Number of protein chains: 4
Amino acid sequence: MKSFGQFLQSGDWKGEKHVPVIHVPETVKAGEAFDLKISIGDAIGHPNTLEHHIVWFKVFFHGDGEKFPVELATFTFAAHGEGENFTEPTGLTTVKLSKSGTLYAQSYCNIHGVWENSQDITVA
Amino acid sequence: MKSFGQFLQSGDWKGEKHVPVIHVPETVKAGEAFDLKISIGDAIGHPNTLEHHIVWFKVFFHGDGEKFPVELATFTFAAHGEGENFTEPTGLTTVKLSKSGTLYAQSYCNIHGVWENSQDITVA
Amino acid sequence: MKSFGQFLQSGDWKGEKHVPVIHVPETVKAGEAFDLKISIGDAIGHPNTLEHHIVWFKVFFHGDGEKFPVELATFTFAAHGEGENFTEPTGLTTVKLSKSGTLYAQSYCNIHGVWENSQDITVA
Amino acid sequence: MKSFGQFLQSGDWKGEKHVPVIHVPETVKAGEAFDLKISIGDAIGHPNTLEHHIVWFKVFFHGDGEKFPVELATFTFAAHGEGENFTEPTGLTTVKLSKSGTLYAQSYCNIHGVWENSQDITVA
Ligand SMILES: [Fe+3]
Ligand SMILES: [Fe+3]
Ligand SMILES: [Fe+3]
Ligand SMILES: [Fe+3]
């Protein structure tokens, strides 16, 4: 068995337009709703054409001390020029967590594969 | 053939906690990015448990005079209590449109089926 | 409010290459697994290019006498020429039903919008 | 940055009910459609309840010598007891490949996280 983990690319989002950026508060309260926003290309925009575009973001959460991660959300960007309409790779949703841990985001470019990032979050 | 259209339920979001609410500017510029936000339960919150929760939102756009609608985005809310983590039904992304038309949002509750709403938008 | 139901197109799958075809046994046993297969273009194939392709199928079930339909599955076809790889619009999964009712399939073409079909099924 | 790759679990599908099994011919012809089937629990079935179920499968392909993998399909299993209806974790679609490489499947259990498997395929 070969692991897909070898294809999870990362990098500095300031210089790499595929890396998802996870925007959350540093500290949140247990069970209290907060905004979780994912973007890419905060410094350099990614193309958005039928031939080359960001297809989706996925977000998982791994609670400290837990064995398994839990999926939080998937954002699918569907329009890439059909009828001159475009959906750009920004995804925001609302989340409630019960303990501190780490958020993991993945973004998929139809040409350049899967990219990832992580962000620790403290649940007070 | 029976049409699924018979199951697309609607109502006033102030009194019905399943109706998606489409938050966009009234007027946007052609080809200029703007935030498209979908929420439900702005007045009355929807339960979020393993047994009963909002699973996804879908958003389509129909340009005035066009024959077919184009899908813009799908938001999937994945956590409904696993490890005491929850994803609430809010979805936001960034969109560029080329002409005026109508946005259509759908929300799916695993118990109460599919609900919809629409919102006209002017592209100046 | 305008209903998205107006955009649910149908037709005879023998002459229309967008209509999903629902392949199931006529009669199944309650709680017994059976194959549910969706295809399109059984008579006329649909194009599969970056510019024009089938993006997804969705399948719902409405049990006789029930108020709401339940989603069974979504199939997303992701490759349309990237690296000369292609995913064609066929989707099959395994389903268990508890009572007779109607299956509803939808297919989405990025150019020609949403198409639908239905199929009654008897649960003995 | 922590990599999500650490959470991609694997194992022998004969003893582990979460591992996706990739069913494809050993050899296919370039550009010729073939069935790609993913299942889990061929030896031991996985539970299918609201509290504990398989949510989705994802399939990627990595062509020999290519830098990036391409997503082929996502299968989402939506019904886990709603109205006593169930979608079981089987996913089949039709694929055309242009060169030899490796297929990667992932399965997500809402309780036990992400599992993976790979399968080499020869394109003659
Ligand atoms: Fe790219
Ligand atoms: Fe509900
Ligand atoms: Fe078409
Ligand atoms: Fe499990």
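This briefing covers the sheets, pockets and iron sites of the structure above. The structure is a predicted model. One open sheet has 6 strands, and another open sheet has 10 strands. The iron ion (ligand 2) has protein donors in chain B, and the iron ion (ligand 3) has protein donors in chain C.

- Strands of a sheet pair through backbone hydrogen bonds, either parallel or antiparallel.
- In this open sheet the 6 strands follow the order 1(A)-3(A)-6(A)-6(B)-3(B)-1(B), and their pairing is antiparallel.
- At the edges are strand 1 (20–23) of chain A and strand 1 (20–23) of chain B, each of which pairs on one side only.
- From one strand to the next, the twist averages 20°.
- Chains A and B meet in this sheet through strand 6 (residues 86–96) of chain A and strand 6 (residues 86–96) of chain B, which run antiparallel and are joined by 7 bridges.
- Phe86(A) has Lys96(B), in strand 6 of chain B, as its bridge partner.

- Within chain A, strand 4 pairs with strand 7 (residues 101–109) in the antiparallel sense, over 9 bridges.
- Opposite Phe60(A) stands Tyr104(A), which belongs to strand 7 of chain A.

**Strands of chains C and D**

- Strand 6 (residues 86–96) of chain C pairs with strand 6 of chain D in the antiparallel sense, over 7 bridges.
- Glu88(C) has Thr94(D) opposite it, in strand 6 of chain D.
- Strand 6 of chain D also pairs with strand 3 (residues 34–40) of chain D, in the antiparallel sense and over 6 bridges.
- Asp35(D) likewise stands opposite Thr94(D).
- Strand 6 (residues 86–96) of chain D has 10 of its 11 residues buried, so this strand is largely enclosed by the rest of the structure.
- Val21(D) is found in strand 1 (residues 20–23) of chain D.
- The relative accessible area of Val21(D) is 8%, and a residue under 20% counts as buried, so Val21(D) is buried.
- Val21(D) and Leu72(D) are 51 residues apart along the chain, and their C-alpha atoms are separated by 16 Å.

**The two largest pockets**

- Rolling a probe the size of a water molecule over the atoms shows where empty space is left.
- The largest pocket holds about 190 Å³ of space.
- Its lining has 14 residues, and those closest to the centre are Glu66(A), Phe68(A), Val70(A), Glu82(B) and Gly83(B).
- Strand 4 (residues 54–63) of chain A gives the most to this lining, with 3 residues.
- By class, the lining of the largest pocket is made up of 4 nonpolar, 6 polar and 4 charged residues.
- The second largest pocket holds about 160 Å³ of space.
- Of the 13 residues lining the second largest pocket, those nearest its centre are Glu82(A), Gly83(A), Glu66(B), Phe68(B) and Val70(B).
- The lining of the second largest pocket has 4 nonpolar, 5 polar and 4 charged residues.

**The iron site in chain B**

- His52(B) is in the loop between strand 3 (34–40) and strand 4 (54–63) of chain B, while Cys109(B) is in strand 7 (residues 101–109) of chain B, so the pair ties together parts that are 57 residues apart in sequence.
- His52(B) and Cys109(B) are both buried.

**The iron site in chain C**

- The donor residues of the iron ion (ligand 3) are spaced H-x27-H-x5-H-x56-C-x2-H in sequence.
- His18(C), in the segment before strand 1 (20–23) of chain C, and Cys109(C), in strand 7 (residues 101–109) of chain C, are 91 residues apart, and the pair links distant parts of the chain.
- Both His18(C) and Cys109(C) are buried.

Definitions and conventions:
Residues numbered from 1 in each chain as written. Chains lettered and ligands numbered in written order. Predicted model: local features only at pLDDT ≥ 70, side-chain atom pairs only at ≥ 80, totals over all residues. Heavy atoms only, no water. Pairing = 2+ DSSP bridges. Helix = DSSP H or I, 4+ residues; strand = E, 2+ residues; numbered from the N terminus. Axes fitted to C-alpha atoms, helices over the stretch in contact; angles between N-to-C directions. 1 Å grid on protein atoms, 1.4 Å probe; cavity = no way out; pocket = protein on both sides within 12 Å on 5 of 7 lines; lining within 4 Å. Points joined across faces, edges and corners; volume = space filled by probe spheres on them. Nonpolar A, V, L, I, M, F, W, Y, C, P; charged D, E, K, R; others polar. Donors = N, O, S within 2.8 Å, 3.2 Å for Na, K, Ca; no water. Buried < 20%, exposed > 50% of the residue type's maximum accessible area, 1.4 Å probe, protein only.
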